[in-house]
Amino acid sequence: MIRLVDRKKDVVDSEFAPAGIDVNTPHPARRYDYWLGGENNFEADRESAEAVAEAFPTVRFAALENRRFLRRAVSYLTEEAGVRQFLDIGAGLPTAGNVHEVAQGIAPESRIVYVDNDPIVLIHARTLLNSASEGATAYLDADLHDADSILSHPDLHATLDLDKPVALMLVAVMHFITDEHKPYELVRRLLEPLAPGSYLVMTHATDDHLTQEDLAETREANQRSGIPFQLRSTTEFTNFFTDLELVPPGISSVMTWRPETWRAHPRPEAVSMLAGVARID
Ligand SMILES: C[S@@+](CC[C@H](N)C(=O)[O-])C[C@H]1O[C@@H](n2cnc3c(N)ncnc32)[C@H](O)[C@@H]1O
């Protein structure tokens, strides 16, 4: 009799982690990787991801649309706005269309600094450092809560010239910064040293379209995961851009920010991710 081997099960059963990786606590980078269909996640991440998906069933779609936005925003900045430097904080695990791949695909001389605080992202950072020879990439293992440790890092200054425009990318990361950590001041601090002509790119999960019941369920799923998380309203998101010049169409759903082509997509509430790109003068 032929015994069919369930390869996927074999892989899952023999799951092991590199040294220094805590597999028992869910991590945002690994949970997001799971929603995107990646393989760098462990049981605790998958359980937490499924719990959030129960409360918010379109979360996988939201993750994909967020990633599509990121690629469009980098294309826009490189191709139309002429930006050649990127500071991508909360970079996440390498996946299709990393910032340097999109930017250097258009302008090979582009220079990118990636920042994340997750040890698993650090392990995979080599992929992010695979720069075109005309440009450069660097990876900083640093925490967004400590803006100064990022801004003063020697590798940042070796890679980016802060006298020239930089796109500060905070894509799907600010909702991990709760109000007690003063998120608005943090963003202002990060923008402070950037030259005129720089840009702020941000996406953020919103609670605008959730019913009270869904909101309570989503909050509970996140609390159980132990990952600090704060949904924000459109008004609260817009406040990050005070005094900055928003690029059309302004604040929108990640799906409807400069779509390349029309395609059928669900209502924005199924995605519940806001996007904004603004120029700093
Ligand atoms: C949802 S993923 C987004 C990845 C990528 N920016 C994207 O939008 O496709 C959020 C990332 O932010 C990182 N992150 C969360 N809190 C952070 C912090 N305080 N400092 C640095 N990175 C953080 C996580 O490790 C994770 O990789």
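I began with the largest pocket, which is lined by 49 residues, with Pro 28, Ala 172, Val 173, His 175 and Phe 176 nearest its centre. This is a predicted model, where local features need pLDDT of at least 70, side-chain atom pairs count only at pLDDT 80 or more, and totals for chains, interfaces and linings use all residues. Residues are numbered from 1 along each chain as its sequence is written, and side-chain values use heavy atoms, without hydrogens and water.

For the pocket I used a 1 Å grid over the protein atoms alone: an open set of points where a 1.4 Å probe fits, with protein on both sides within 12 Å along at least five of seven lines, and lining residues having an atom within 4 Å of a point. I noted a volume of about 940 Å³, the space filled by probe spheres set on the points. By class, I found 30 nonpolar, 13 polar and six charged residues in the lining (Ala, Val, Leu, Ile, Met, Phe, Trp, Tyr, Cys and Pro count as nonpolar, Asp, Glu, Lys and Arg as charged, the others, Gly among them, as polar). Helix α4 gives the largest share, six residues.

Next I looked up α2 (residues 28-35) against α3 (residues 43-55): their axes come within 9 Å and cross at roughly 65°. They are therefore roughly perpendicular (65 to 115 degrees).

Last, I checked α2 against α4 (residues 59-80), and found an angle of about 100° with axes 8 Å apart. Here Tyr 32, Tyr 34 and Trp 35 of α2 meet Val 59, Arg 60, Ala 63, Asn 66 and Arg 67 of α4 (contact means heavy atoms within 4.5 Å).

Conventions:
Axes fitted to C-alpha atoms, helices over the stretch in contact; angles between N-to-C directions. Helix = DSSP H or I, 4+ residues; strand = E, 2+ residues; numbered from the N terminus. Parallel < 35°, antiparallel > 145°, perpendicular 65-115°, else oblique.
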